[in-house]
Structure formats: structure tokens, C-alpha cells
Amino acid sequence: RDCSRMTVVIWDFDWSFVNENSDTIVLQKCSPQVFANLRPTWAKYNCFTETMDDCFGQLYQNGVKKQDITDCISNIPIFPEVINTVKELHAQGAKQYIVSDANTIFIELVLRKYGFWADSDTSDGIFSVDSVFTNPAQWQGDRLYVSRFHPMDATPHGCPLCELNICKGAILDKLREEGKFEKIVYVGDGGGDLCPALRLGGADSVLAREGYTLAKKLQTKSPQCAVKLWSDGVSLQQGIHQSLK
């Protein structure tokens, strides 16, 4: 099957592109103590991005090294079918994006592991800085810092469906303005994926992970796009194939 450049697949990252939550798995594996303290830490902030930045600070104070975190993320579970589908879509000429509430460091680590990352326009990767939309992160020694995709000092995005740090629907709209897409396939699982799902049109599809927040919330809405449920790598790959017919 040949996808024109007008076909776009947008991946959420946690529990969609990878089969785990990258933030919480790092806390669980690197410091069960920090993980156990996650809820009280979260209660101090009105945004999960600041919660995670605080938690990364706690990891640093507990002696967790950069290598410990990168090893954990590099070994995060991913369905083999996702790896195959990404390669297949690329070969067919489909454009792919990641729109996520994770962070730049974690996503790039996973993409590099599977040879999907392009360091420049001339290299042969599938994803690059221009196709990943997420919270910016940076290392300072062994301390990882993460901040909001939608900066704290910017005018609030004002979307009632989305968290303060990112409106995925606004990112979807921006991508649509920049490229004339005939068909969008959106793969997601969480509450943050509801906003973009509701902005998709009749030619588009949302692949919502069965039993997760997005699928539950879509039951009470009337999206214009086709809704397909998936539960594992096989059903996800099948759903993408069906959506691109």
C-alpha cells in the first residue's frame, strides 16, 4: 500500500507508542521511595510537569545517576508490532508525529534505540525534533529537568479539556495548518488525547486503547472520526491498516 504524504499518523507516547508510563516506571525502578511519595508530591502542584521535575530532583538527591535513568528508559517495553508499523508507514510515505505529555529526553532515547531518530535533515531517521511535540527536558549532570511544553509565562492555552502544560488539540490544528492532510490516524490512550480526537474529521480515525481513559471518555462523546479500539500490538497494527485503507 502506498500512502501519499497526505497521510499522517500521530502517536501518543506513554501506553501507546511504548507499553508503559515512562515517568512512573523511572520512579518505580530507580527509587521506590520517590515513587511511593508521588501522590503527596503531586498534591503540591497544579500541573504534573512540575510534579515530575520535583521527582527527578528527588532521584538526584537519592544518588540516582543519569545512566540509571537512561538504562531504564532504553529498556521500556514496546510492542514489536509498533516497531514494524513505524517502519512500514515510513516505507509507504506516511508522515509520523509523536505528541506526548512525556518529555524530549525520554522519547528521543527510545527513538534512538530503534534507529528511528534523525539528528539532521540529511540523516535517515523517521522522527526528528520537528516531529516530536512534548515537554522539553535537559540534563545538568545527573539531574534531569523538565518544563512545560506550553510555557508557564505564556498566555494560557485556555482549553478546558487539557492540562495546563499541553493542549494536544492545538498541536493537531497547527500541524493541519502547515500540511494539507487527507487522512489522520491518531493513536492514544489517555484523557489528554480526547481533545485532538474530538477535532478529527470524517476521513480520520482515532485508535483508542481499550479500557483506558480515552476509550471511556469517547463513549460519552460524538466524535466525527472513526473510533477503533485496540488492546495489544496485533490489534493496534490491524487498526492502523484498516484506517489507511
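This is a predicted model: local features need pLDDT of at least 70, side-chain atom pairs count only at pLDDT 80 or more; totals for chains, interfaces and linings use all residues.

Biologist: Why is W15 called partly exposed?

Modeller: Buried means under 20% relative accessible area and exposed means over 50%. W15 has 25% relative accessibility, so it counts as partly exposed.

Biologist: What is the phi of W15?

Modeller: Phi of W15 is near 65 degrees, a positive value in a residue other than glycine. Most residues other than glycine have a negative phi.

Biologist: Next, K183 in strand β6. Why does K183 count as buried?

Modeller: The cut-off for buried is under 20%. K183 has 18% relative accessibility, so it counts as buried. Leaving aside neighbours within four places in sequence, the contacts of K183 include M6, T7, V8, A203 and D204.

Biologist: Now for helix α9, residues 168-178. Which residues of α9 are buried?

Modeller: They are K168, G169, I171, L172 and L175.

Biologist: What puts them on the same side of α9?

Modeller: They cover an arc of only 160 degrees around the axis, so they share one side of α9. In general, an α-helix has 3.6 residues a turn, so residues three or four places apart point the same way. The face of α9 turned away from the buried side carries the exposed residues E177 and E178.

Biologist: What do the buried residues of α9 pack against?

Modeller: They pack against strands β1, β2, β3 and β6, and also against α10.

Biologist: In what order do the strands of the sheet run?

Modeller: Six strands form an open sheet in the order β3-β2-β1-β6-β7-β8, with parallel pairing.

Biologist: What makes β3 and β8 the edge strands?

Modeller: Each of them pairs on one side only.

Biologist: And how do you know that β2 and β3 pair?

Modeller: Pairing takes at least two bridges. β2 and β3 have three bridges, in the parallel sense, so they count as paired. The bridge partner of V99 in β3 is F133.

How values were computed:
Residues are numbered from 1 along each chain as its sequence is written. Side-chain values use heavy atoms; hydrogens and water are left out. Buried means under 20% relative accessible area, exposed over 50%, partly exposed in between (1.4 Å probe, protein chains only). Helices (H or I, at least four residues) and strands (E, at least two) are DSSP runs, numbered from the N terminus. The arc is that of the directions from the helix axis to the C-beta atoms. Contact means heavy atoms within 4.5 Å.
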